[in-house]
Each structure stands twice: as C-alpha cells, then as structure tokens.
Amino acid sequence: MAEVTLYHWEPNANSGKPMLALMEKGVSFQSHYINMLEFDQHKPDYLAINPQGTIPAMTHGDRVLTESTAIMEYVNEEFAGPDLMPADPQDRWRIRWWMKFMDQWLGPSFSMIGWSVFVGPMVRKKPKEELEALIERIPLPERRRAWRKAMFGQFGEEELAESKRRVGFGIDRLEEELGRHEYVGSNFYSLADINIFNSTYSLPLSHPDVASKERTPNIMRWLKTVYLRPAVQETWKMGKTDLAHRYSLIMEDI
C-alpha cells in the first residue's frame with residue numbers, strides 16, 4: 001500500500017474530516033501538523049504540496065488530494081474497512097445533500113463566527129507589520145480578504161448577524177433530521193456524520209442559546225453517540241490546542 005500523509009491543523013472543521021475518515025477506515029497515515037495560527041499553510045514547504053495554501057491536503061503515493069469532503073470520499077472508496085456510505089440510493093442522496101449544505105451554506109457561517117471570536121484574537125497578538133506581510137503571502141485573493149477581516153476584526157455587524165441566523169436555521173434543520181434518522185441522512189454512520197460533526201462538536205459551548213439538552217435533544221443524543229466512537233477519541237488525541245480540552249468538557253455535560 002502506498003504511503004499516506006495527511007497535512008492538517010486541529011482535528012476539527014475541515015482538517016478533522018479526512019482525519020476521522022482515515023481513523024474510521026483503519027488506514028495508517030503520517031500526520032503532518034500545519035499550525036494555522038502560525039500560517040504554516042502559506043510557507044514554501046506546504047505550498048509545494050498545495051499551491052492554493054489551504055488545509056487539509058493528503059498525499060497517497062504520488063497522488064496529491066485537496067478539498068476535505070472530496071478527500072473523505074476518496075478515502076472511503078480507495079481503502080478497505082467499513083463502508084462510510086450506505087447502500088440505499090436515497091440515503092446516499094440525503095448524505096450528499098447534507099454535505100453540500102454544510103460545505104456551501106452552513107460551514108462558512110460557522111467559519112466566520114469562529115474566525116471572529118477565536119482565530120482573529122489569537123493572531124492579532126502579532127505586530128501589525130508582521131500580519132500585513134503574512135497576508136501578502138497568501139496565494140488566493142479571496143483568502144487574503146478573509147484573513148484580513150479575521151486578523152483586524154473587520155467582519156461587519158450585518159455579516160455576523162447573517163452568519164448567526166444561518167447557524168440557527170441550520171441547527172433547527174439538523175435537529176429535525178436527527179428526529180427522523182439515527183444519523184445524518186440515514187440510520188447508518190456515514191461521511192455526512194463525519195462532515196457535520198467536525199463543525200458542530202462544540203455547539204453546547206459555542207452556541208448554547210440554540211443548542212442544548214432542552215432545545216435540541218436529538219442533536220445532543222447524536223453528538224454523544226459520535227463522541228463515544230473509538231475513532232473520534234483517537235482523532236481528538238492528535239489535537240495540540242485547547243480545542244481537544246473543550247471536547248472533554250462537553251462530554252462531561254451531556
């Protein structure tokens with residue numbers, strides 16, 4: 001089997017998706033930690049792997065794969081192990097619907113809020129001149145604009161309000177879905193659960209006003225079920241920030 005190397009940040013959001021897929025499939029891989037808060041993803045060594053400077057990326061032999069959801073699908077199809085897509089065509093359709101909903105609609109709203117309250121304040125400790133130089137090193141212009149907003153706290157009130165509205169709407173949709181199925185899109189654990197879990201694992205802490213035992217019992221039931229999976233617990237051990245510590249706090253509360 002060709003060697004697999006995964007270039008990732010913390011085991012959450014986009015980085016966590018292929019990490020957890022590999023763990024669930026039982027695929028051995030080399031972990032290459034990319035410290036996003038130090039802008040490792042824009043350094044020459046990583047740009048030689050992924051010229052767009054986005055994380056995660058995965059190499060499998062001489063193949064270079066980018067885009068987290070596409071990497072998950074590759075992992076599921078390429079390697080032996082439990083199938084992370086159900087056999088029923090309608091279930092597969094729902095799973096792909098939910099992954100698209102997360103990637104294109106709900107995920108960016110989670111990201112904007114996260115950048116505003118977590119990433120921005122963390123990197124803002126650096127001198128302004130250093131931050132400007134780091135921004136200029138970012139390959140994609142749209143990413144430069146997003147990082148500038150995060151670094152200097154330039155997200156507008158209307159932008160943040162719209163992201164919060166979308167998060168509330170998305171959580172309500174997810175609560176309804178998990179009232180119909182044991183997992184997201186079907187009664188089988190799948191790529192959709194991995195995709196959505198990695199952006200919603202901290203809902204009880206980050207959005208307690210819209211996600212709680214009282215308001216969203218189906219989501220809380222699902223979160224706990226996923227938290228307890230051995231692959232999830234092994235993946236979270238690979239974290240280097242307090243995000244992994246937050247995981248243990250949430251587990252104690254549900």
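Is D193 buried or exposed? In this predicted model, D193 is buried, because its relative accessible area is 0%, and a residue counts as buried when that value is under 20%. The views below begin with the whole chain and then turn to particular regions, returning to D193 at the end.

**Figure 1. Overall view of the predicted protein chain, with its 12 helices and 4 strands**. The C-alpha atoms of the protein chain fill a box of roughly 50 × 45 × 30 Å, when this box is taken along the principal axes. A compact globule of 254 residues would have a radius of gyration near 18 Å, and because the protein chain has 18 Å, it agrees with that expectation. Of the 254 residues in the protein chain, 50% are buried. When contacts between residues at least 6 apart in sequence are considered, 68% of them join residues that are at least 24 apart.

**Figure 2. The stretch of residues 2-83, which carries a UniProt annotation**. The record, an unreviewed entry, labels residues 2-83 as "domain: GST N-terminal". In the model, the chain over residues 2-83 is 34% helix and 21% strand, and its end C-alpha atoms lie 20 Å apart.

**Figure 3. Close-up of helix 3 (68-78) and the elements that cover its buried residues**. The buried residues in helix 3 are S68, T69, I71, M72, Y74, V75 and N76.

**Figure 4. The largest pocket, which holds about 1,500 Å³ of space**. The largest pocket is lined by 46 residues, of which A13, N14, G107, S111 and W115 are the closest to its centre. Two or more lining residues come from each of helix 1 (13-25), helix 3, helix 4, helix 6 (141-151), helix 8 and helix 12 (243-253). Helix 4 gives the most to the lining of this pocket, with 13 residues. Sorted by class, the lining of the largest pocket has 21 nonpolar, 19 polar and 6 charged residues.

**Figure 5. The largest cavity, with a volume of about 50 Å³**. The count of cavities of 30 Å³ or more comes to 1 in this model. The residues that line the largest cavity are W98, F101, M102, L106, G170, L174, I196 and T200. At least two residues of this lining are supplied by each of helix 4 (89-123), helix 7 (157-180) and helix 8 (191-200), and helix 4 gives the most, with 4 residues. By class, the lining of the largest cavity divides into 6 nonpolar and 2 polar residues, with no charged residue among them.

Figure 6. With a relative accessible area of 0%, D193 is buried. D193 and L203 are 10 residues apart in sequence, and their C-alpha atoms are 15 Å apart in space.

Technical notes
Residues numbered from 1 in each chain as written. Predicted model: local features only at pLDDT ≥ 70, side-chain atom pairs only at ≥ 80, totals over all residues. Heavy atoms only, no water. 1 Å grid on protein atoms, 1.4 Å probe; cavity = no way out; pocket = protein on both sides within 12 Å on 5 of 7 lines; lining within 4 Å. Points joined across faces, edges and corners; volume = space filled by probe spheres on them. Nonpolar A, V, L, I, M, F, W, Y, C, P; charged D, E, K, R; others polar. UniProt positions renumbered as here; feature names shortened; annotations may be inferred. Rg over C-alpha atoms; globule rule 2.2 N^0.38 Å. Buried < 20%, exposed > 50% of the residue type's maximum accessible area, 1.4 Å probe, protein only. Contact = heavy atoms within 4.5 Å.
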